[in-house]
Amino acid sequence: MIRPLLVMRLLTMPCLWMGLVQLVFGELSFMFFKDNVASNFTLPASITLGISLIILIGFKKYPLPSVTNREAMLFATLTWVAVGMLGAIPIVTIAHVSFTDGVFESISGLTTTGATVLSGLDSMPKTFLMYRQFLQWMGGLGVVIFVVAILPMLNIGGMRLLKAETPGPIKDDKLSPRVANTTHYLWLVYVTITALCALCYYLAGMSVFDAIGHSFSTVSTGGFSTHDDSMGYFHSNLMLWICNVFMVLGATNFALHYRVYLANSIKLYWKDEEMRSFLIIIFVISVILATYLYHNGNEHSFWQSLTDSFFHIISFITSTGFAATDLSKWPVVTAVILIFVGYIGGCAGSTAGGNKVIRNIIALKSVGLEIKRLVHPNGVFTMKFQRRTISGEVRHAVMAFMCLAALTTIIFTILLMFTGLSFMAALSATAACLNVLGPGFAELGNNFAPLSDVATWLMSAAMILGRLEYFTVLVLFFPVLWRQ
């Protein structure tokens with residue numbers, strides 16, 4: 001049975017966090033950036049903090065019981081909805097967009113999708129631009145994980161919240177017996193990689209503001225930029241290769257990062273089957289695309305073809321969504337390739353979206369296993385990943401996920417076409433939002449502003465659905481969740 005008062009009390013925590021974030025940006029606007037948008041942050045922050053504190057204090061005398069699986073899934077979904085709407089308020093008042101577009105922009109940031117309805121970023125207040133970047137960084141490992149990490153009171157049942165939020169098919173690979181310690185380790189890795197990324201960007205020629213802002217969206221694999229031209233604004237191949245490195249690091253299992261640190265051995269990256277497959281996929285597809293672009297005359301040198309190909313393949317497969325050139329000038333087949341790698345996704349336990357490499361590996365091995373059984377019906381076969389036997393339960397869950405991802409893509413694409421979009425625009429928008437990727441094609445090549453209000457709300461829902469990997473959200477619509 002779901003306890004609404006408990007869920008409401010839990011929701012005050014991410015709402016308090018969002019209020020504090022907006023309050024800090026209000027102070028930054030007033031004291032540091034001096035761009036006269038402080039009240040756009042401090043007013044909604046004060047209201048959010050006030051209401052949240054009243055609710056929290058009002059329920060203080062009631063003990064916080066253990067969180068059930070049902071409540072964890074409801075809490076995870078409602079967190080993204082609530083925080084997305086709260087985060088939209090400064091966007092609406094500063095960018096002068098509708099509430100629908102503001103919520104889309106906010107959810108896009110928090111889910112690290114990177115799809116935007118805004119243009120003219122170069123002339124917008126710096127406080128606002130950094131706020132958008134920080135939304136992505138904050139959403140990188142998830143608001144829910146952050147709540148678990150900083151609030152020891154959620155240790156009871158905390159792993160349930162962590163599992164509801166953490167992407168990937170195998171969610172019991174804990175770094176520590178205590179969930180709070182686990183999430184502290186994850187955030188330590190996350191902050192360290194972000195700081196290194198900002199430093200490298202700065203040394204490569206970015207301003208301090210751009211270096212920090214783009215490190216937020218690179219490591220979170222979000223893709224927002226402080227400029228309309230995204231990474232193409234800087235006209236630097238060096239920055240693109242730096243971006244490549246940190247997009248890959250952001251799309252790598254953060255538990256693996258920590259194990260590499262403890263063992264002091266970079267070889268563990270290559271020994272990890274998922275990571276090794278991830279790197280091989282990037283290399284092979286990038287080289288093929290570079291060769292095609294060069295022979296097609298789209299690039300003036302093979303080195304530039306390699307640079308652009310690696311950058312955009314990594315950008316799409318990690319679900320970051322940065323751009324460095326006008327993709328509309330590339331052959332149509334390249335758009336299909338980029339959408340395809342977006343569905344492959346990054347590694348499980350990372351900030352990346354998509355189906356995740358581990359699911360693709362298990363799906364392919366499952367097909368191979370069935371072929372073996374067809375040829376040798378009396379044979380006994382097992383399937384292994386990382387030298388561990390994969391249970392039938394995991395295999396069935398993976399295949400169900402892959403089928404659901406395909407079915408959801410078809411449904412959303414059809415719904416978007418009913419709103420007036422072309423097939424390519426509808427497919428690319430659906431792929432961008434379900435895979436928390438960002439860029440679209442055709443009518444949506446510049447941004448998502450051409451979407452109707454209905455289509456915009458559909459894509460906001462798709463981003464949350466993709467960020468929580470379908471089942472956590474869809475189960476809310478089944479009666480079995482609400483039965484006692």
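**Overall fold and nonpolar cores**

Among contacts between residues at least 6 apart in sequence, 70% join residues at least 24 apart. The model behind this value is predicted. The protein contains 21 helices and 2 strands. Its radius of gyration is 22 Å, close to the 23 Å that the globule rule gives for 484 residues, so the protein is as compact as a globular protein of that length. Along the principal axes, the C-alpha atoms fill a box of roughly 65 × 55 × 55 Å.

Burial was examined next. Of the 484 residues, 57% count as buried. In soluble globular proteins, nonpolar side chains tend to be buried together. In this model, the largest nonpolar core has 125 residues. Met-231, Phe-278, Phe-448 and Met-459 have the most contacts inside that core.

Met-231 illustrates the packing. Residues up to four places away in sequence are not counted here. Met-231 touches the aromatic residues Tyr-201, Phe-311 and Phe-322, among others. Its partners also include Met-206, His-214, Met-239, Leu-240 and Cys-243. Ala-323 and Ala-324 are touched as well.

The surface and the charges complete the description. The accessible surface of the protein comes to about 20700 Å². Carbon and sulfur atoms account for 68% of that area. The protein carries 29 positive and 23 negative side chains. The centres of these two sets lie 16 Å apart.

Note on methods
Residues are numbered from 1 along each chain as its sequence is written. This is a predicted model: local features need pLDDT of at least 70, side-chain atom pairs count only at pLDDT 80 or more; totals for chains, interfaces and linings use all residues. Side-chain values use heavy atoms; hydrogens and water are left out. A nonpolar core is a set of buried Ala, Val, Leu, Ile, Met, Phe, Trp, Tyr and Cys residues joined through side-chain atoms within 4.5 Å. Buried means under 20% relative accessible area, exposed over 50%, partly exposed in between (1.4 Å probe, protein chains only). Contact means heavy atoms within 4.5 Å. Helices (H or I, at least four residues) and strands (E, at least two) are DSSP runs, numbered from the N terminus. The radius of gyration is taken over C-alpha atoms; the globule rule is 2.2 Å times the number of residues to the power 0.38. Accessible areas come from the Shrake-Rupley method with a 1.4 Å probe; for residues, only the protein chains shown count as cover. Lys and Arg count as positive and Asp and Glu as negative; His and the chain ends are not counted. The place of a charge is taken as NZ of Lys, CZ of Arg, CG of Asp or CD of Glu.
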